[in-house]
Amino acid sequence: MINPILKRARPDIVEMESYSSARSLYKKQANMIFLDANECAFEPYIGAENLSRYPDQQPDQLTDVLCKLYDVSSRNMAIARGADEAIDCLIRIFCTPYQDNVIICPPTFAMYEHSAKIQGAEVKTAPLTNNFALDINRIKKESNQNTKLIFICSPNNPTGNLMSVDDILQLCTAFDDTALIVVDETYIEYSEKSTGLLPNIENTPNLVVLRTLSKSYAAAGVRCGVAIAQKDIIALILKILPPYPIPQPVVETVMKILTSNNLQRLTEKRAALLDQKQRSITELKTIDIVKTIYPSDTNYILINVKNSKTLIEKCINNNIIIRDQSHQPTLNNCIRISIGKKEEMDKLLSIMHNEELPTLPKQRIVTVNRSTNETAISVCVNLDAQSPVVVNTGIGFYNHMLEQVAKHGGFSLELECKGDLEIDPHHTIEDCAILLGQAIKEALGDKRGIGRYGFTVPMDEALAQVVIDLSGRFYLKFSGDFPENMVGDLPTDMIEHVFYSFAENLKATLHINVEGKNTHHMVESCFKALGRALRQAIQYKGDDLPSTKGIL
Ligand SMILES: *Cc1c(COP(=O)(O)O)cnc(C)c1O
């Protein structure tokens, strides 16, 4: 059966032939020779792969992982450069310029109106009700025979709330052969109450759901989003998408984002972000200029304040950008705040509290990233904050040891490593130590105000002495014999190597001396003592360089 909504699409688009490249006419075979598209016969740089060729219109690999992610069939999905491009395509397919219209429900996402205007489509508005719900009667009243699309954002940007599924499905029925209901679920992954409308696609011919990797998969820079709908609608989108819209590097990046390990990691990170949101809400409630905090199913919060302009100006003066929503109907003096990192939220909150911002030295925060064939590592240290301390190397005992260094060192450390543990833990252990050393060295900057220190830590029978000098010169002296080969999942023959790599990259002189009988105690006391020595060494003590040379 033909989808009845197709007769509402522009007839010229429906009749138009799809563009077909020569190779799309034939089944792909292994070792095929492609002399059909005037591509260059060599790669653009040494080590490049598949960059000299046009990608497929909808790359197979990418289609597979995205279909799996959303649990839909490939004939029901079109991949575009973000949900934004899908919005634009839908409007161009359905709206004949200067004749047709779309309905939006403000306050809502700006791009529906923007794309409609570009296409010369009229924009009719059916504002949300007082509690930001859909006004079904108003939508019906606004519609006429030229209404082609109705945009619904759920959770809605900027109000943050979910729309009622019943309302949406009621609209789908009311407009079943006249208008497409486009439900933008960009933020649905943050919702704890709903998983969205994808299961309804099968039974709802005029429903399109938009999803994207931008907001909840932390990949706005990648530009990858999808439209999911019945196959005839998808076929029209594919017809008008620009040639080869998904660049090959995007395909490769998305493959890395959507591995099962990383999906697990993203789920955990989203949960932590929502905790951060909750903490911010609790804090916002105590701020006198905040009048209303709207409930949010997303990674942002909409608040109503006494005077949005003054707050925004104050934030700008402190290098923070937040989003005024006063231009939206009913949102005068409302501000949308994206949930950021802890220290970012802390700064915003203290500005809002009208607190004097600490005029202490600026925070020594550094992030270093490195990716090789063996490991991918990201390390963020803040020498002037104590938390968070989160280490994930894939080696449990090593996580614990590096966390000890940070906790006893009194600095914040976020370290994530994806290493080739299936081969050997060696690369992971060494590379994490290298990057930790580098990060601290960079964070220390010109070392103004820091000292040289040592510390001794006993743990029962074990005793570790660590002396560190952030001298700018590398030297390691390590003495200690561990009775066991392994402590937990960490090989003890790597311990000296860790301190070597760390000190070499920190450009420090490091002396470690450990004695004892129990390997666990001996190892742990080394790391703790290193943390304690670092704690003293990295602290600001006035403004002097602790060296007669004037440079360290
Ligand atoms: C940010 C946002 C988008 C943009 O999505 P892309 O996939 O990055 O184009 C779409 N819809 C809403 C509601 C958004 O807030």
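Select D460 first: this residue is exposed, with a relative accessible area of 68%, where exposed means over 50% relative accessible area, buried under 20% and partly exposed in between, computed with a 1.4 Å probe and protein chains only. D460 sits in the loop between β16 (453-459) and β17 (462-469), and its phi is positive, about 50 degrees, although the residue is not a glycine. Helices (H or I, at least four residues) and strands (E, at least two) are DSSP runs, numbered from the N terminus.

Before going on, keep in mind that this is a predicted model, in which local features need pLDDT of at least 70 and side-chain atom pairs count only at pLDDT 80 or more, while totals for chains, interfaces and linings use all residues. Residues are numbered from 1 along each chain as its sequence is written, and side-chain values use heavy atoms, with hydrogens and water left out.

Select A218 next, which is found in the loop between β6 (207-212) and β7 (225-228). A218 has a positive phi of about 60 degrees without being a glycine, and it is exposed, with a relative accessible area of 66%.

Now turn to the ligand and display what surrounds it: 13 residues do so, and the closest are A83, D184, T212, S214 and K215, a residue being counted if one of its heavy atoms lies within 4 Å of the molecule. Which helix gives the most to the shell around the ligand? That is helix α3 (residues 82-94), with three residues.

A polar backbone atom of D84 is 2.9 Å from an oxygen atom of the ligand, a polar side-chain atom of N157 lies 2.8 Å from a ligand oxygen atom, and an N or O atom in the side chain of T212 is 2.6 Å from an oxygen atom of the ligand. Taken alone the ligand exposes 390 Å², and the protein buries 94% of that; accessible areas come from the Shrake-Rupley method with a 1.4 Å probe, and for residues only the protein chains shown count as cover.

For the backbone, select P155, in the loop between β4 (147-153) and α6 (165-174), where the peptide bond from S154 to P155 is cis, with omega near -5 degrees. Then move to P107, in the loop between β2 (101-104) and α4 (111-119); the peptide bond from P106 to P107 is also cis, with omega near 0 degrees.

Is A508, the next stop, buried or exposed? At 1% relative accessibility A508 counts as buried, and it lies in the loop between α14 (495-506) and β21 (509-515). Leaving aside neighbours within four places in sequence, A508 is in contact with residues including I468, L470, F474 and Y475, contact meaning heavy atoms within 4.5 Å.

Finish at N382, in strand β13 (residues 375-382), which counts as buried at 4% relative accessibility. Apart from neighbours within four places in sequence, its contacts are Q363, R364, I365, F411 and S412.

Technical notes: Polar contact = N/O pair within 3.5 Å; in protein donor to acceptor, adjacent residues only side chain to side chain.
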